[in-house]
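Have a look at the model first, then follow the talk.

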Amino acid sequence: MSTAVPPSSSASSAAASSAAVPSSAATSTAAVPDTPAFGSAELLLPGVVRVDRDPAVPQRAAVAESGQPRRRTAFRPDIEGLRGVAVLSVLAFHSAVPGLTGGFVGVDVFFVISGFLITGMLVGRPLGLWDFAARRARRILPAAATVLVATAVAGGALLDPLRGTDLARDLIASAGQFANWRFVGQQTDYLAAERDPSPLQHFWSLGVENQFYLLWGVLLLGLARYLHGRRRTLAITLATVAVGGVSLVLCLRWTATSAPLAYFSTGSRLWEFAAGACAALAGAALASRTERRPVLWTLRLTGWLGLAAVLAPVVLYDRSTPFPGAAALLPVLGTAAVLLAGQGSLGAADAGRLLATRPLRAAGRLSYAWYLWHWPVLTIAQARYGTLPWTTLLALTAASALPAWLTMRLVEQPLRYGSSPAPRRGLAVGASALVIPLIAALTLGGGTVRALGDPASGTLAAPAGAPDGPGLLAPGTRVLALTPSLARAREDFPPGKGCEIPLNADSSPRCLFGAEDSPDRIVLLGDSHAGQWISSALALAEQRHWALEVLVKPGCPLATLTVRNNVLGRTFEECDRWRENTLTRLTSGPKPRLVLMAGLNRYGSQEERAEGWTRTFDRLTALGAPLAYLGDTPMPGKDIPTCLAASDGRSDACAFPRDTAFEPDPVLDGGLAARYGVRTLDLGPLLCPGAGASCPAVLEGVVLYRDTGHITDTLARVLAPRLDKGLLGTPGPEGAPVAPGTPGAEAGPGASSAPGASAVAQP
């Protein structure tokens, strides 16, 4: 499914937010143009006199008969066309059109245009802060509220209750103009990042835009109030350069350390607005020189180079491009160049004349509403019907132009031009546009709670698990309803979730459970697929009055191999450092009673995994502590709780293919366990029983998975007796383990009968 997330992540994409300019803007005769929205083509720059004329007439024809210097119109048809290029790039990218893999740069184009226009307007005619806020609210919020309410209605009718719950939360964030920060949190969360994209994920850019308007309005209007003339111009220029410079540094740093933070956050995007602001300030300085032939030819060349810089990334970039970072410089500087070049007259050889063609201008006028509508249409359709081919996605995107056009004609234009210009009226419109979506969100959320039931209701105790044999539950144990409930399944995490350190951390904190003061401890070691076993390992430790030490890092293989992290969008250097720090830490501390290893069995190739585990086992065997390894659990590859909710709890509808559920395991199948004396326990045959073509999502009433690949904590607690017997044997009368055997010897009566099990000497 195409998704509006960073192009470097597993579900990476980009969304662009723009504001449509009604067709009437071309010939408006208002004395002062309405506050330009994101990409609005109306602009009044210092030294520019508004001329009422048909914008199709070349600017060189707009010369006063009195022979006075040529006056240029405030309307910029090339900007309207540039917005068309930007929105078509984004729409093509979201529709997965082949060859247009870098269309996500359209967001950067829109940000630069917004900075250019807003700065030019505020410098040309400073407004009161309330007047500025009212114009912004009237211009942007009504259309956004229309789409939010429509998405809430469609989501409630077409999405499953779990997706509906997520959508209700996204509605609140989107209506409150902080959706970008919600998605920063989600995409930097290794587990939440596995979920399908939100129908409102594209509202991140609208949040960034409005946060920029708030900052820029206060900054520039404040400077305009206390400074005048050249001092004000100098102060605005210095502030623009300072804000842009700091933001660019943050962008480069965060792109290298956290792609979602760099992509969605306001701080890493302000430099793009600042680039547009610099173009506006430079254009104002050139206003009296554009008639000179050297300047005119320089601007013409600048325009063509800028347009090439905007279009090239659309075909050259793709999801693997670290973005925004240094890669964003090309479209950002290119857009600024096009905007600056348009300060001169639009001759037949100018890039601006190409951008001012009717098809591009038509797309530009519709861009804001079209952008708002297309993403909910695509995501809801794919949530309902599964992954769709790009031709179908493109057809749906084209169809979304109809509600976009209706929104523009029935909502945008009437409220923008027909409502009173008084600030209180504009603020009232904006307040209504915030409250109505919030009501829709609360209504949708209440409906999903009723459909799923109260997450806090029901028993939290896990059913008794069998210590061995083919059945999951102990004899005589029955589960009458899905356990955990669908309302809780997604949040059925193990205790101590904070033990799974952030992606950019390279060392684990002290994370102990059970008898923390005991000199004896079990060490649970690995990635998030090791972290899912915390409850099982804790049960083993508590029965023996030991401590449990958890050393896990999400997305980081314990096997010694370097991997790329899609959330970070680069080589996972922190993983290599964490692994080295952790192995060194184990050698410097007291010897554990057991080192329990587990992890995702899908890093690199089979050969790379085998070599990586060999290097890791060489280090761990030097500890002299018993080693145990849990085979990886089956990988559903789809969000199981969401699937169950969509199928009204019918577990058979959520089975997944056996041939994609497992990967060859070099520890279980490659002889490494026997070579290093590692005791293994493979629970795959238990969780995917039989020899059929599919694996179940629910077994004996227990929901097995909380997302696309991690088991529920309920299942981990059910499996605790099986891990106890398979890895340590049955506890003796004083809590000491009964050794199941030694390497090369026959296993004792407590040894696991799971396939691939080998014995290990007990402490």
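A: Start with how packing angles are defined: axes are lines fitted to C-alpha atoms, for helices over the stretch in contact, and angles run from 0 to 180 degrees between N-to-C directions. Helices themselves are DSSP runs (H or I, at least four residues), numbered from the N terminus. This is a predicted model, where local features need pLDDT of at least 70 and side-chain atom pairs pLDDT 80 or more, while totals for chains, interfaces and linings use all residues. Residues are numbered from 1 along each chain as its sequence is written, and side-chain values use heavy atoms, without hydrogens and water.

Q: At what angle do helix 6 and helix 7 pack?

A: About 155°, with axes 9 Å apart; helix 7 covers residues 229–257. Angles under 35 degrees count as roughly parallel, over 145 as roughly antiparallel, 65 to 115 as roughly perpendicular and the rest as oblique. So helix 6 is roughly antiparallel to helix 7.

Q: How do helix 13 and helix 14 pack?

A: Helix 13 (residues 358–385) and helix 14 (residues 390–399) make an angle of about 140°, and their axes are 8 Å apart. These two are therefore oblique to each other.

Q: What lines the second largest pocket?

A: A pocket is an open set of points on a 1 Å grid over the protein atoms alone, where a 1.4 Å probe fits, with protein on both sides within 12 Å along at least five of seven lines; lining residues have an atom within 4 Å of a point. Here 19 residues do the lining, with Ala133, Arg136, Ala137, Asn210 and Leu214 nearest the centre. Helix 3 (129–158), helix 6 (203–226) and helix 16 (423–452) each give two or more residues, and helix 3 has the largest share, eight.
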